[in-house]
Amino acid sequence: MKGFQRAISIAATAIVATTMSGCGWRGLNSLPMPGTQGTGDGSFTIQAQMPDITNIQQNSRVRVGDVNVGTITKIERQDWHALVTMSLDKSVNLPANSVATLGQTSLLGSLHVELTPPTDAPPEGRLHQGSLIPLSAGRAYPSTEQTLAAVSMLLNGGGVGQLQDITKALSTAFGGREDQLRSLMAQLEQFIGHVKDQTDQIIAATDSLNRLVKQFADQKPVVDKAFDTIPRALAVLNGQRDQLIEAVDQLGKFSALTADSVNQTKDALVTELRDLGPVLESLANSGPALTRSLGFFVTYPFPKDMIAKAQRGDYLNVSLILDLTLSRIDSSFFVGTRFEGDLTELEMQWGRTIGVIPSPYTGGNPLVAPYRLDQGP
């Protein structure tokens, strides 16, 4: 009883204070209600711009999910939309870009404002004292009046009246074709079964296509450059079209000549290849000896295999006598040729006596001694 009397006293005091302050009386909803959410210690105030608030009143609830977390403390007009001030509990932890939606608890229930994180953008920041939810983040669920109006339009002027025509048309289309319809349904069921069996392959193909598209996306600068370059390349090819046609025509003629040459020489070519067979066979048979003889050219005049056996130390003394006289070169390299005797005759003209080293007439190297016209016979 005492609690009831206390509540009446508080209400009377609030009414008197409002009347004395000169404000208009708008009912109990214009006064702050004790015991509501968002009025405790640590609570904070935010604002939200709403495109439409229908019949919502001050002291309406603010909810997150199905939990009451605050109260509407003020509703005012701002330009062509409403500005709603809300007081929230300190435990509310929502991003700064949250969405404010006007909703209704049930078909005939009370209105409230629902705060939710954004679904089309990543969360940013956190709601705090003085935060403002912009008009772009203001939403409204369909009200009972809007739902009933939509149902009325559907029933009166919508497509419900045409269901009979649709049913009649379907009955006419399928009349007398029950067997075909059953076959179609059976084939459709079989097709769906095959598709279901290949679900893994379809998913794998989709993943592969996704990876391929990703590779194309990663190479977007290269693809863009290619698209910019291809028109210029096509323009160059278009300018060289006559030359390309001529080149293709000449290539065709060359191919015809090549084919004709091959046709005319194929018998001779086959014969030569058959004759080359014994030669290659002999070369293959002499392969071991041929490979061993190649080592002789590197260490000429000593065989490579005999070097380690002929000399055991770290050095080898060799005395060489190089006879570079013209007669010796003549007898070594030009015997049996058309030049045989020419170098010997020239050497004798220079005063060289065959068998005497050095020449008593030159007294030096006959290759560098000056030529004298009075020498020789």
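Reader: Are arginine 182 and aspartate 179 buried or exposed?

Author: Both arginine 182 and aspartate 179 are exposed, a term that requires over 50% relative accessible area, whereas buried means under 20% and partly exposed lies in between (1.4 Å probe, protein chains only). The model is a predicted one, in which local features need pLDDT of at least 70 and side-chain atom pairs count only at pLDDT 80 or more, while totals for chains, interfaces and linings use all residues. Residues are numbered from 1 along each chain as its sequence is written, and side-chain values use heavy atoms, with hydrogens and water left out.

Reader: What makes arginine 182 and aspartate 179 a salt bridge?

Author: A salt bridge is a side-chain nitrogen of Lys or Arg within 4 Å of a carboxyl oxygen of Asp or Glu. The closest N and O atoms of arginine 182 and aspartate 179 are 3.1 Å apart, so the pair qualifies. Both residues lie in helix H4 (residues 178-197), three residues apart, about one turn of the helix. Helices are DSSP runs of H or I with at least four residues, strands are runs of E with at least two, and both are numbered from the N terminus.

Reader: How many salt bridges does the whole structure hold?

Author: A search finds four. One of them joins aspartate 218 to lysine 214, with the closest N and O atoms 3.2 Å apart. These two residues are four apart in helix H5 (residues 199-218), a separation of about one helical turn.

Reader: Why is lysine 214 called exposed?

Author: Its relative accessibility is 52%, and therefore lysine 214 counts as exposed.

Reader: Why are aspartate 249 and lysine 253 called partly exposed?

Author: Aspartate 249 has a relative accessible area of 37% and lysine 253 has 45%. Both values fall between the two cut-offs, so each residue is partly exposed. Aspartate 249 and lysine 253 also form a salt bridge, their closest N and O atoms being 3.7 Å apart.

Reader: Which residues touch the most other members of the largest nonpolar core?

Author: Ile46, Met86, Leu88, Val113 and Leu115 do so, within a core of 23 residues. Strands E1 (44-50), E3 (67-78), E4 (81-88), E5 (99-104) and E6 (111-116) each supply at least two residues of this core. A nonpolar core is a set of buried Ala, Val, Leu, Ile, Met, Phe, Trp, Tyr and Cys residues joined through side-chain atoms within 4.5 Å.
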